[in-house]
Amino acid sequence: MSVVKLDGLVALLEGFPALTGVDLTVNAGEIVFVKGPNGAGKTTLLHLCAGLIQPKDGTGSILGHDLSSERTEIRKRVGLLSHSSGLYRDLTVLENITFWTQIAGVEQSEIDSRIVWALERMELGSKLQNQKVRSLSVGQKRRTSLAVFIVRRPDLWLMDEPHAGLDQEGRQIVDDLIEESVGAGATVIVASHDFERVANLSTRIVTLSGGAVLDADREGNR
Amino acid sequence: MKRLFADIRLITSKDLKIELRSRVLINQVAPFALIILVLFGIALDADQKSLRNFASGLFWISVLLCALMAISRSMTIERDDEALVGLNLSGVDPLAIFLGKTCAIAIQLLILEIFLGVGIILLYRSEVEDFWLLVSTGLFACIAVSALGTIFGFLASGLGVRETLLPILLLPLLLPVLIGATRAFDDALGVAAINGWNWFAFVAGLTVILTTVGAGANYLLADN
Amino acid sequence: MTHLGYLLAGWGLSSFIVLLYAFRLIKRGAQLSKRVPSEHARWISSPKQNSG
Amino acid sequence: MTSSITTASKGSKILGLTSLVGFVVLVLLAFFVTDPDIRFHPETGEEFGQFDAVRLLYLHVPLIAVTYLAFVVCAIASAGYLVKRTFWWDSMAHAAGEVGTLTCALVLITGSIWGRPVWNTWWEWGDVRVMSTLILFLLFLGYLALRGAFVSPQRAARPAAIVALIAVLDIPLINRSVEWWENRTLHQKSTLSELKIEDLTLFTLMLGILVALLVMSWLILHRFRVAWLEHAEFEQGIKTAIEERRQIDNED
């Protein structure tokens with residue numbers, strides 16, 4: 001079953017055609033590496049797949065939901081790790097994760113265990129947990145965003161430069177997480193400039209250029 | 001329904017917690033309110049009697065100006081690191097976001113109103129004749145202001161000119177609230193021989209209407 | 001005629017403003033028409049059809 | 001005006017010409033044929049009334065009528081947009097909103113000019129209609145400002161429609177509140193009923209409303225077409241931009 005199915009998709013960003021006609025199919029369990037120069041439309045593609053943008057033209061479906069009319073459904077099931085942290089600066093790490101877990105509608109009985117799991121997984125120790133996000137380093141902030149990202153357990157992982165700002169150890173955690181998630185039935189799309197690293201991780205490499213797919217059939221090194 | 005209330009509480013308490021930490025209200029908006037009161041006093045070059053007569057109007061104008069700041073701040077919280085995107089992806093009912101943020105703004109405004117109320121009593125020597133009229137009008141009017149303010153905050157959010165656009169969109173629409181609340185206060189402070197409770201009823205009606213309109217507009221505004 | 005000044009001001013100003021606005025609309029329309037292919041101007045093919 | 005393309009069509013030209021002719025007839029009637037408003041006090045026999053200032057009402061009253069009509073059209077078109085989500089409704093709302101704001105400004109100007117000799121003031125606080133009209137004007141200034149703040153007209157459509165609807169819904173509330181605010185109004189129950197409404201006066205007034213309607217239709221029609229073209233130009237710009245981006249694509 002294809003998790004992502006895009007057909008001639010055009011998307012605008014403030015009147016600029018960021019995507020000029022994307023055809024792309026991603027099947028369940030794939031780890032797709034989206035590469036391309038700056039401004040190729042990688043970020044917009046991820047936002048589109050997350051159901052955040054109303055397509056201008058073309059058709060598409062994500063996780064079986066129509067991209068034009070059922071975007072609310074899509075949003076509930078995808079996770080988006082974007083450039084900005086998506087965190088509240090004046091709340092602590094723990095408060096942020098707790099808020100985002102609760103607001104995502106995770107079962108009450110499961111909330112605590114999930115939070116503990118996410119914090120452990122991202123190696124956010126108890127000292128860090130009580131620090132305000134404002135006072136964190138770039139890497140620590142990224143780890144917190146990742147913890148918020150995984151705690152929801154999305155079916156489709158959309159990750160924009162997941163390794164950016166992380167140290168060697170942090171990058172390894174991200175790689176492991178991606179591996180595990182696919183084992184657990186998720187599908188992953190990673191946009192990145194870190195060719196070596198992500199190519200080794202992915203099952204397929206998609207090259208984006210000028211807002212369209214240049215090549216979607218290259219195999220990854222996984 | 002239970003989920004809705006839980007989500008509203010979550011969002012409201014989150015906003016209030018952020019406010020407690022960042023202290024924008026206490027450190028910036030409250031002094032601003034105080035400055036307005038003082039400036040009015042100086043600019044009107046008024047004797048104590050006319051200040052007392054104008055007190056309710058000046059009070060509500062100050063509330064409206066502070067509300068603009070509170071609304072702006074409330075939107076900035078969600079915009080700074082794109083937390084709003086996360087809220088949209090969380091699958092939470094847009095109504096919960098709207099009501100949650102409205103509640104948070106309303107609570108902050110209420111605190112400001114208390115502060116300003118003490119201000120006009122001390123600075124303008126206003127005398128309270130009907131305490132409960134004062135309280136009920138203050139409560140309802142600030143809900144109306146917050147509800148409409150939240151909607152227009154969302155409407156204009158993401159626009160570079162939000163700070164300048166918000167006042168011209170919001171203030172004319174709030175004129176009925178301003179008039180109603182001012183007249184009710186006039187009676188409560190004993191500067192006009194009118195039936196303030198009638199004006200309170202008007203304000204309460206407006207609050208219901210405007211909050212409903214806001215909730216409706218919120219659904220239209222939420223992407224689908 | 002009493003109040004002639006007021007009368008002229010009221011009628012004159014109003015007509016002037018409307019004419020100015022109308023003139024600017026026509027100018028803007030002509031400018032845009034030059035840049036946009038005429039198939040978008042539905043009123044040309046079917047002039048009887050009002051408002052688009 | 002040979003083959004050059006404009007927003008004019010045969011229909012709009014006829015409409016425009018009719019408006020012009022109607023306006024000339026209206027001016028003749030308002031200024032030369034109708035009588036000034038002069039009345040005599042039943043006891044003292046003193047002259048009173050609006051005298052020739054009444055001739056401003058043949059302009060002021062029709063302007064009020066079309067202003068309210070334009071805002072109603074704007075609200076209906078906005079609702080239409082929210083239901084249908086098509087550009088036609090959005091353009092109509094935009095056109096009606098802009099023309100309505102223009103006529104609303106004229107209502108305020110002519111009202112003020114009329115008020116000076118008749119009420120002895122340019123501006124009357126506490127008069128319900130004066131205040132409500134001013135607030136209405138400010139509301140729609142905000143509406144137009146909101147539209148102008150968006151880069152892409154498509155993204156402006158929904159917020160603008162919501163603002164227009166809220167604004168129009170707010171009008172009765174504003175009206176109520178101002179009316180109760182100061183329980184007084186200079187406008188008598190109706191300014192007109194106070195006049196000797198003769199057949200000719202009434203006819204001139206009706207003609208005025210008709211002419212104003214024609215002018216308003218002409219303006220909205222052309223504003224709509226401009227909006228339509230702006231939209232087409234925007235779409236065309238996107239098309240070219242997409243093609244350009246694809247070109248770069250192929251060069252890679």
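These questions and answers cover the chain contacts of a predicted model.

Me: Which helix of chain D gives the most residues to the side that touches chain C?
Reply: The contact draws 36 residues from chain D and 33 residues from chain C. Helix 1 (10–33), helix 3 (87–119) and helix 7 (199–251) of chain D each supply at least two residues of that side of chain D. The top contributor, with 14 residues, is helix 7.

Me: How many residues on the side of chain D that touches chain C are nonpolar?
Reply: That side of chain D includes 8 polar residues and 8 charged residues. The nonpolar count is 20.

Me: Which helix of chain D gives the most residues to the side that touches chain B?
Reply: Here chain D brings 22 residues and chain B brings 17 residues. Two or more residues come from each of helix 4 (128–149) and helix 5 (153–181) of chain D. With 13 residues, the one that gives the most is helix 5.

Me: How many residues on the side of chain D that touches chain B are nonpolar?
Reply: Charged residues number 2 on this side of chain D, and polar residues number 2. The nonpolar residues number 18.

Me: How far apart are the nearest C-alpha atoms of chain B and chain C?
Reply: Chain A and chain C have no contact, with their closest C-alpha atoms 18 Å apart. Chain B and chain C do not touch either. Their nearest C-alpha atoms are separated by 24 Å.

Methods
Residues are numbered from 1 along each chain as its sequence is written. Chains are lettered from A and ligands numbered from 1 in the order in which they are written. This is a predicted model: local features need pLDDT of at least 70, side-chain atom pairs count only at pLDDT 80 or more; totals for chains, interfaces and linings use all residues. Two residues are in contact if their C-beta atoms, placed from the backbone, lie within 7 Å. Helices (H or I, at least four residues) and strands (E, at least two) are DSSP runs, numbered from the N terminus. Ala, Val, Leu, Ile, Met, Phe, Trp, Tyr, Cys and Pro count as nonpolar, Asp, Glu, Lys and Arg as charged, and the others, Gly among them, as polar.
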